[in-house]
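Please consider the structure shown below. The paragraphs that follow lead through its cavities, its charged pairs and its aromatic pairs.

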Amino acid sequence: MNQFQYVRPTKAQAAIEAVAKDANATFIAGGTNLVDLMKRGIATPQKLVDINRLPLARIDHDPGKLRIGALALNSAVADDKQVRERQPLLALALNAGASAQLRNMATVGGNMLQRTRCSYFYDLTMPCNKREPGSGCGALEGINRMHAIFGFSDKCIAVHPSDMSVALVALDATVLVTGPKGERTIPFADFHRLPGDTPEKDTNLERGELITAVDIPDGPFTKHVHYQKVRERASYAFALLSVAAALDIENNTIKAARLAMGGVAHKPWRLTAAEQSLVGKPATEATFRQAAEVAMQGAKAFKHNAYKLKLAPNTIIQALKTAAAA
């Protein structure tokens, strides 16, 4: 086992300083992903900074928004009455993720920061630019049935695994962070990165920055919502792909829409053009099919994931149909 130092600060500033000043230090909360990475030798931090003593687990029901602390447990957020009433799409996405046991340990901040489950990333004998920059991408010419159809590069075709993040990007959430340079906010759509030439960088966090909370603005999406997750078994499995759909419908006319996909890109994939194509149209299957066609523009498959080019639009249609009928 790799030796490491373990500290448990009670102040956010102390935690931030501990990570900012030590390139081999990292934050740990629930550890549901990090501990796995350490066991496999993928992550080898020399110092773990346990942030569980920080007061970041609140769920605040503010006027006009929900503020969810970074240490709020996934299960607590999904079960919160205000979340279920004001942001039901988020509750659905959370309950679709992992298992009940993991949701009881995993935090909101940690969920956002989990690493890809690409098998080449986890296999130390294989090349992976995300794990070892410059080594190559084994998935490009390998078994890539779980991989991206949008936003990839020749350096990486891995996908982001979070269900919760798909809902948060659809709901126009904002991430609150604090770090050595002070506090700042990041629109959720800008929090995660596409791989480009630096696939080892999953997010736009700077060194030592700590997620403190996520703000979700109130909106009209309290009824016609659905999270459709397609996976190889009914639970405890990552998505082949998923769709977060939310509609505001009046007299069978769509007034507003939110759509995002998971399992198709290096980050949660917001379908803005498809959303716009839905507005002002009747909530019918024909409308949903048109939106799915718009959503798939620019999609490209690899040898083993061409099925996603058919599965993705069908899942979009099904998610929208279910949301409309809710």
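The second largest cavity has a volume of about 40 Å³. Its lining consists of Gln 114, Arg 115, Thr 116, Lys 130, Val 159, His 160, Pro 161, Asp 202 and His 266. By class, these residues are 2 nonpolar, 4 polar and 3 charged; Ala, Val, Leu, Ile, Met, Phe, Trp, Tyr, Cys and Pro count as nonpolar, Asp, Glu, Lys and Arg as charged, and the others, Gly among them, as polar. A cavity is here a set of points on a 1 Å grid over the protein atoms alone where a 1.4 Å probe fits but cannot get out, and lining residues have an atom within 4 Å of a point. Grid points are joined across faces, edges and corners, and the volume is the space filled by probe spheres set on the points.

The model is predicted, so local features need pLDDT of at least 70 and side-chain atom pairs count only at pLDDT 80 or more, whereas totals for chains, interfaces and linings use all residues. Residues are numbered from 1 along each chain as its sequence is written, and side-chain values use heavy atoms, with hydrogens and water left out.

The whole structure holds 2 cavities of 30 Å³ or more. The largest cavity has a volume of about 70 Å³. It is lined by 16 residues, of which Cys 118, Cys 128, Cys 137, Cys 156 and Ala 158 are the closest to its centre. The lining of the largest cavity comprises 9 nonpolar, 5 polar and 2 charged residues.

Side chains of opposite charge can pair when their charged atoms come close. With a salt bridge taken as a side-chain nitrogen of Lys or Arg within 4 Å of a carboxyl oxygen of Asp or Glu, the count is 20 salt bridges. One of them joins Arg 67 to Asp 215, with the closest N and O atoms 2.7 Å apart. Arg 67 belongs to strand β5 (residues 65-69) and Asp 215 to strand β8 (residues 210-217), so the pair ties together parts that are 148 residues apart in sequence. Helices (H or I, at least four residues) and strands (E, at least two) are DSSP runs, numbered from the N terminus. Arg 67 is partly exposed at 26% relative accessible area, while Asp 215 is buried at 11%; buried means under 20%, exposed over 50%, and partly exposed in between (1.4 Å probe, protein chains only).

Another salt bridge connects Lys 81 and Glu 85, whose closest N and O atoms are 2.6 Å apart. These two residues are 4 residues apart in helix α4 (residues 81-86), and therefore about one helical turn separates Lys 81 from Glu 85.

Apart from its neighbours within four places in sequence, Glu 275 is in contact (heavy atoms within 4.5 Å) with Ala 257, Arg 258, Leu 259 and Arg 270.

Rings of Phe, Tyr and Trp (its six-membered ring) pair if their centres lie within 6.5 Å; planes under 30 degrees apart count as stacked, over 60 as edge-to-face and the rest as tilted. There are 4 aromatic pairs by this rule. Phe 121 and Tyr 122 form an edge-to-face pair, 5.6 Å centre to centre with 85° between the planes, and both residues are buried. The rings of Phe 150 and Trp 269 are stacked, because their centres are 5.2 Å apart and their planes at 15°.

Technical notes:
1 Å grid on protein atoms, 1.4 Å probe; cavity = no way out; pocket = protein on both sides within 12 Å on 5 of 7 lines; lining within 4 Å.
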